[in-house]
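This briefing concerns side-chain contacts in a protein model. Please examine the structure shown below before reading on.

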Amino acid sequence: MFVNRIDRSIEKYKQLFGDGVPATHVTDPDFQDILSHFIFGEVFYQGELDDKERELITLVVLATNQTLLQLTAHVSAALSVGLTPVEIKEAVYQCGPYIGFPKTLNAIDKVNEVFKAKEIVLPIESQKTVNEQNRSQKGLATQVEIFGDVIKKMQKNAPSNQTHIQEYLSAFCFGDFYTRSGLDLQTRELLTLCIVSALGGAEGQVKAHVQGNLNVGNAKERLIDAITHCLPYMGFPRTLNALACINEISPEN
């Protein structure tokens with residue numbers, strides 16, 4: 001039976017946030033209706049992503065944008081759709097190499113506020129899988145798994161005064177973060193695509209992570225679904241830029 005987008009938005013909003021009414025519905029009802037009907041009546045039903053994947057994407061885009069009030073609400077929504085505290089924390093941690101430590105700490109603080117209110121014990125269990133001796137080696141291996149042997153060529157060809165950046169990429173970005181358990185490699189790479197797309201002005205990295213996603217088994221349609229889900233949170237300009245990057249790396253037939 002056909003269900004219109006207004007009815008779907010009411011059902012989805014209740015699933016995510018319960019029976020409460022957003023404050024903007026009192027002060028700005030027209031805007032809230034446009035928002036709710038589009039996000040929860042249309043975008044949430046576009047494509048094949050499940051609600052857990054959608055909430056992970058929402059969390060990282062909100063963290064990237066530092067829209068912390070909305071991030072707080074979506075931490076609760078993420079728990080409501082069945083995401084674990086570990087999965088939520090790992091998604092936010094994944095932002096660290098791309099948005100920097102201060103912004104990531106801001107997001108972590110909001111996650112912790114929700115966890116404490118819900119009596120989720122902190123700290124949650126560690127997902128670390130590397131140590132000081134192997135973080136660089138395992139990080140490089142993960143880079144190669146995602147991007148191929150071009151990574152080794154990049155390291156070899158880096159100017160001598162910039163080799164430390166390549167070493168940081170392997171040990172820090174991919175060693176300290178990508179090797180963690182709690183989220184699988186496909187999910188981490190999909191979230192990274194959403195993070196760098198939401199940043200704006202990082203189209204070179206967006207293209208690299210489009211190819212990385214394809215290499216680890218995320219099909220083009222899945223990437224389009226993910227970027228579509230980002231749209232209400234990062235706007236059309238960055239969404240269209242990301243879609244252009246996807247189409248450049250994986251052209252339409």
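The side chains of E90 and R180 form a salt bridge, 2.8 Å from N to O; a salt bridge is a side-chain nitrogen of Lys or Arg within 4 Å of a carboxyl oxygen of Asp or Glu. The model is predicted, so local features need pLDDT of at least 70 and side-chain atom pairs count only at pLDDT 80 or more, while totals for chains, interfaces and linings use all residues. Residues are numbered from 1 along each chain as its sequence is written, and side-chain values use heavy atoms, with hydrogens and water left out.

**Salt bridges**

- E90 lies in helix α6 (residues 85-93) and R180 in the loop between α11 and α12 (185-199), so this pair ties together parts that are 90 residues apart in sequence; helices are DSSP runs (H or I, at least four residues) numbered from the N terminus.
- E90 counts as buried at 2% relative accessibility, and R180 is buried at 15% (buried means under 20% relative accessible area, exposed over 50%, and partly exposed in between, with a 1.4 Å probe and protein chains only).
- Salt bridges with shared partners join E90, R180 and R188 into one network.
- The structure holds ten salt bridges.
- Among them is the pair of E42 and R5, whose closest N and O atoms are 2.7 Å apart.
- E42, in the loop between α3 (29-39) and α4 (51-65), is 37 residues apart from R5 in helix α1 (residues 5-17).
- E42 is partly exposed at 33% relative accessibility, and R5 is partly exposed at 36%.
- K12 and D51 also meet in a salt bridge, at 2.6 Å from N to O.
- K12 belongs to helix α1 and D51 to helix α4, 39 residues apart, and both K12 and D51 are buried.

**Aromatic rings**

- There are eight aromatic pairs, counted where rings of Phe, Tyr and Trp (its six-membered ring) have centres within 6.5 Å; planes under 30 degrees apart are stacked, over 60 edge-to-face and the rest tilted.
- The ring centres of F147 and F174 are 6.0 Å apart and the planes stand at 90°, so this pair is edge-to-face.
- F147 lies in helix α9 (residues 135-147) and F174 in helix α11 (residues 163-178), so the pair ties together parts 27 residues apart in sequence.
- F147 is buried at 17% relative accessibility, and F174 is buried at 4%.
- Ring pairs link Y13, F17, F40 and F44 into a cluster.

Terms used
Helices (H or I, at least four residues) and strands (E, at least two) are DSSP runs, numbered from the N terminus.
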